[in-house]
Amino acid sequence: MLDANLLRNDLDAVAARLSERGYTLDRAAYQALDQRRRAILQEAEALKAERNRVSDEVGRLKRAKENADHLIAQQREVGDKLKALEAAEREVEAAFKDFLSGIPNPPHASVPAGRDEHANVEVKRWGQIPAIGAPKDHVELGTSLGILDLDRAAKLSGARFAVLKGQGAKLERALITFMLDRQTGAGYTEVIPPYLVNAESMYGTGQLPKFEQDLFKMPHGESSLYLIPTAEVPVTNLYRDEILPAEALPMRHCAFTPCFRSEAGSYGRDTKGIIRQHQFHKVELVTFAAADQAEVELEKLTADAEAILEALELPYRRVLLCTGDMGFSSQKTYDLEVWLPSQNTYREISSCSWFGDFQARRANIRAKGREGKPVFAHTLNGSGLAVGRTWVAILENYQQPDGSIRVPAVLRPYVGAEVIR
């Protein structure tokens with residue numbers, strides 16, 4: 001959530017930064033809400049002062065054994081006004097919170113301006129693109145090998161689900177274990193979180209209220225729970241409403257979870273195969289840092305995700321997203337894109353983001369500052385990596401002329417084979 005003081009102190013500058021994201025800040029609505037809030041607060045303070053003054057006078061009269069009935073009546077009247085004002089205050093505070101909740105994170109100064117992905121900036125390219133005469137896609141390869149079954153998945157659950165079998169399932173499991181081994185070795189503490197979370201958790205990381213249509217929601221008693229779209233949600237919210245010790249920062253976690261996304265609004269995109277699924281596996285990296293540590297932590301987190309691709313010898317590139325292509329909560333994002341021979345292009349396999357204190361404000365995650373006063377922490381996260389897309393990239397980049405798949409060297413101890421036939 002945006003710091004309300006930024007809007008109050010420099011509304012035009014914040015509006016200009018947000019406009020680079022393609023977001024138009026309703027300044028008139030903000031000013032009306034802010035003025036209403038301040039008027040109510042000022043009136044409440046004046047009434048409280050009046051109540052205290054009358055209360056003191058009532059006490060003085062009673063001690064002097066004088067009649068205080070007229071002041072007691074006045075005291076009740078002030079109390080009634082305060083109750084009405086408190087109700088108005090709750091209403092305007094809720095409206096103000098809703099207004100702030102819909103404003104995206106202003107971009108960091110180092111983010112290039114642009115409307116869409118065409119303005120993204122390639123920062124790095126790694127690996128040799130394999131020479132494959134007529135590359136098959138992962139669906140043809142997986143189906144012919146008997147390790148991918150989309151038809152039976154559709155029978156079970158509908159479109160955008162997959163069944164992995166035999167060596168295909170083993171490859172997926174190998175990737176999960178390999179990624180966790182590498183990331184815990186890089187200093188991340190492994191977490192196994194719940195896969196169902198409450199609305200407060202979704203709000204804390206920015207999925208609610210704006211992106212509810214993208215979530216799977218389940219009734220649970222008198223409330224609802226949500227299937228997580230990424231481990232970012234439960235892991236970030238581990239420390240909701242807590243104050244972290246300064247000496248513990250930076251604090252790094254990794255988590256393997258299934259992820260569930262309704263993919264609302266993405267009909268027709270990547271409908272073939274397992275590039276875009278309703279259910280998929282991911283190893284997520286989440287970091288909590290002090291403000292002066294966060295930019296360095298973004299580089300580390302991104303490099304730790306890249307290290308998986310390099311160990312697997314998969315060609316990839318790192319792209320700095322422009323202002324118009326970033327996620328709602330991010331102030332700076334690197335996308336890692338892996339090469340897919342069948343598409344003759346790079347496709348996203350990880351998104352590594354620095355949120356500043358945007359999520360921490362929503363989730364009330366603080367840390368002790370240098371002077372001992374709690375300040376909002378900075379949060380970061382990224383995929384390390386999306387397991388299904390890594391599975392796809394291995395099939396396509398390691399395909400052999402006979403349709404078999406050569407297993408990357410680092411995965412062979414996990415898979416127990418050099419080739420999937």
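Me: At 22% relative accessibility, what does Arg 361 count as, buried or partly exposed?

Reply: Buried means under 20% relative accessible area, exposed means over 50%, and partly exposed lies in between, with a 1.4 Å probe and protein chains only. Arg 361 therefore counts as partly exposed at 22%, and Asp 357, with a relative accessible area of 24%, is partly exposed as well. This is a predicted model, in which local features need pLDDT of at least 70 and side-chain atom pairs count only at pLDDT 80 or more, while totals for chains, interfaces and linings use all residues. Residues are numbered from 1 along each chain as its sequence is written, and side-chain values use heavy atoms, leaving out hydrogens and water.

Me: What do the side chains of Arg 361 and Asp 357 meet in?

Reply: Side chains of opposite charge can pair when their charged atoms come close. A salt bridge is a side-chain nitrogen of Lys or Arg within 4 Å of a carboxyl oxygen of Asp or Glu, and Arg 361 and Asp 357 meet in one at 3.3 Å, N to O. Salt bridges that share partners also join Arg 8, Asp 34, Arg 37, Arg 38 and Glu 93 into one network.

Me: Which parts does the salt bridge between Lys 165 and Asp 149 tie together?

Reply: The closest N and O atoms of Lys 165 and Asp 149 are 3.8 Å apart. Because Lys 165 lies in the loop between β3 (163–164) and α7 (167–185), and Asp 149 in strand β2 (residues 148–149), the pair ties together parts 16 residues apart in sequence. Helices (H or I, at least four residues) and strands (E, at least two) are DSSP runs, numbered from the N terminus.
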